[in-house]
Amino acid sequence: MKAHGFLRQVGWVLRKDLRVEWRGGETIWMVVPFAALALLLAPLALGTDAALLRRIGPGMLWLVLLLFGMTVALRPSSGESRPLRDLMALSGLDPAARFLGDSLSSAILVFGVTLILTPVMIVLYAPEGRPAWGWLVLLAVTGAVALGLLGSLIGTLVTGLRARTSLAPLLALPPAMPVLVATTRGTESAVAHRSSIPWVLLLVAMDLALVVTGVLLASPLDDTTD
């Protein structure tokens, strides 16, 4: 029964965040166009060297997704004031449930952006290839979950800090590097029709580690943030 109540709280936070996004439309109308434009700039700058574009395509895709994805993932925490967090705590909302709900909503949004940008990357950087789409979907899911979890964890760390806008990217960069490497190498393998299973398994391991870390730290961090 306790587990059922915890899952209901996670679902409530998830629905709340997605409703806010649906009403605001920030990801659809702002993040996606700018992210697609960022992918378009590199081919325009580098010219028509197909071999070079094919090599940098996966890295450009996930670098853009990392930058814009972390923006999406950090947004829920930046919009929550301390009084609002206190009100949710008084209502009985478990900090771990809030962390998982925020992470899932961010992961869903990042996954949606990934589904849109991946075909754009294929068209711009490797138009002659037919990638292994199954591996790309798995990488998109595990990579989006990692970015969502990481963004929620960093957002919780910087909640209440005056310098959170500048501090959050600095804190997110080191743990995001393994995610960037794994997703990039996995996408390179998928585009070349090689197995991406080592990179998918690495991302799954990182996702599990972030879940455990976030759940364990959710309550202590909620008590210490002002």
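# Close-up views

**View 1. Lysine 16 counts as buried, with a relative accessibility of 19%.** The model shown here and in the views below is a predicted one. The value for lysine 16 falls within the buried class because that class takes in residues under 20% relative accessible area. Aspartate 17 counts as buried too, at 10% relative accessibility. Lysine 16 and aspartate 17 form a salt bridge, and their closest N and O atoms are 2.8 Å apart. Side chains of opposite charge can pair when their charged atoms come close. The count of salt bridges comes to two; the pair formed by arginine 185 and glutamate 188 is the subject of View 2.

**View 2. A salt bridge joins arginine 185 to glutamate 188.** The closest N and O atoms of arginine 185 and glutamate 188 are 3.6 Å apart, which is close enough to count because the cut-off for a salt bridge is 4 Å. The two residues lie in helix H7, three residues apart, or about one turn of the helix. An α-helix has 3.6 residues a turn, so residues three or four places apart point the same way. Arginine 185 is partly exposed, with a relative accessibility of 38%. Glutamate 188 is also partly exposed, with a relative accessible area of 25%.

**View 3. The loop between H7 and H8 holds serine 196 and histidine 193.** Histidine 193, by contrast, counts as exposed, at 55% relative accessibility. The backbone of histidine 193 has a positive phi of about 60 degrees, although the residue is not a glycine. A polar atom of the serine 196 side chain lies 3.5 Å from the backbone nitrogen of alanine 190. Which residues does serine 196 touch, if those up to four places away in sequence are not counted? They are Trp135, Leu139, Gly186, Ser189 and Ala190.

**View 4. Helix H5 covers residues 95–125.** H5 has 31 residues, and the distance from its first C-alpha to its last is 42 Å. This is close to the 45 Å expected at 1.5 Å a residue. At the start of H5, a side-chain oxygen of aspartate 94 comes to within 2.8 Å of the backbone nitrogen of alanine 96.

**View 5. Valine 110 is a buried residue of helix H5.** Its relative accessible area is 2%. Where sequence neighbours up to four places away are not counted, valine 110 touches Gly69, Val72, Ala144 and Leu147. Valine 110 and alanine 140 are 30 residues apart along the chain, and their C-alpha atoms are separated by 8.7 Å.

**View 6. Valine 211 is found in helix H8, which covers residues 197–224.** Valine 211 is partly exposed, with a relative accessible area of 28%. The C-alpha atoms of valine 211 and serine 103 are separated by 9.1 Å, while the two residues are 108 positions apart along the chain.

**View 7. Eight residues make up a nonpolar patch on the surface: Ile28, Trp29, Met30, Phe34, Leu37, Leu40, Leu41 and Leu44.** Together they have about 900 Å² of accessible area. One of them, methionine 30, has its place in helix H2, residues 26–46. Methionine 30 is partly exposed, with a relative accessible area of 47%.

View 8. From the N terminus on, its elements run α-α-α-α-α-α-α-α. Of its 226 residues, 45% count as buried. The accessible surface of the chain comes to about 11,600 Å², and 72% of this belongs to carbon and sulfur atoms. How many of the contacts with a separation of 6 or more link residues 24 or more positions apart? Such residues account for 83% of these contacts.

Terms used
Residues numbered from 1 in each chain as written. Predicted model: local features only at pLDDT ≥ 70, side-chain atom pairs only at ≥ 80, totals over all residues. Heavy atoms only, no water. Patch = residues over 30% accessible without salt bridge, like charges linked within 9 Å, V, L, I, M, F, W, Y side chains within 5 Å. Areas by Shrake-Rupley, 256 points an atom, 1.4 Å probe, with all protein chains shown as cover. Salt bridge = Lys/Arg side-chain N within 4 Å of Asp/Glu carboxyl O. Helix = DSSP H or I, 4+ residues; strand = E, 2+ residues; numbered from the N terminus. Buried < 20%, exposed > 50% of the residue type's maximum accessible area, 1.4 Å probe, protein only. Expected span 1.5 Å × (residues − 1). Polar contact = N/O pair within 3.5 Å; in protein donor to acceptor, adjacent residues only side chain to side chain. Contact = heavy atoms within 4.5 Å.
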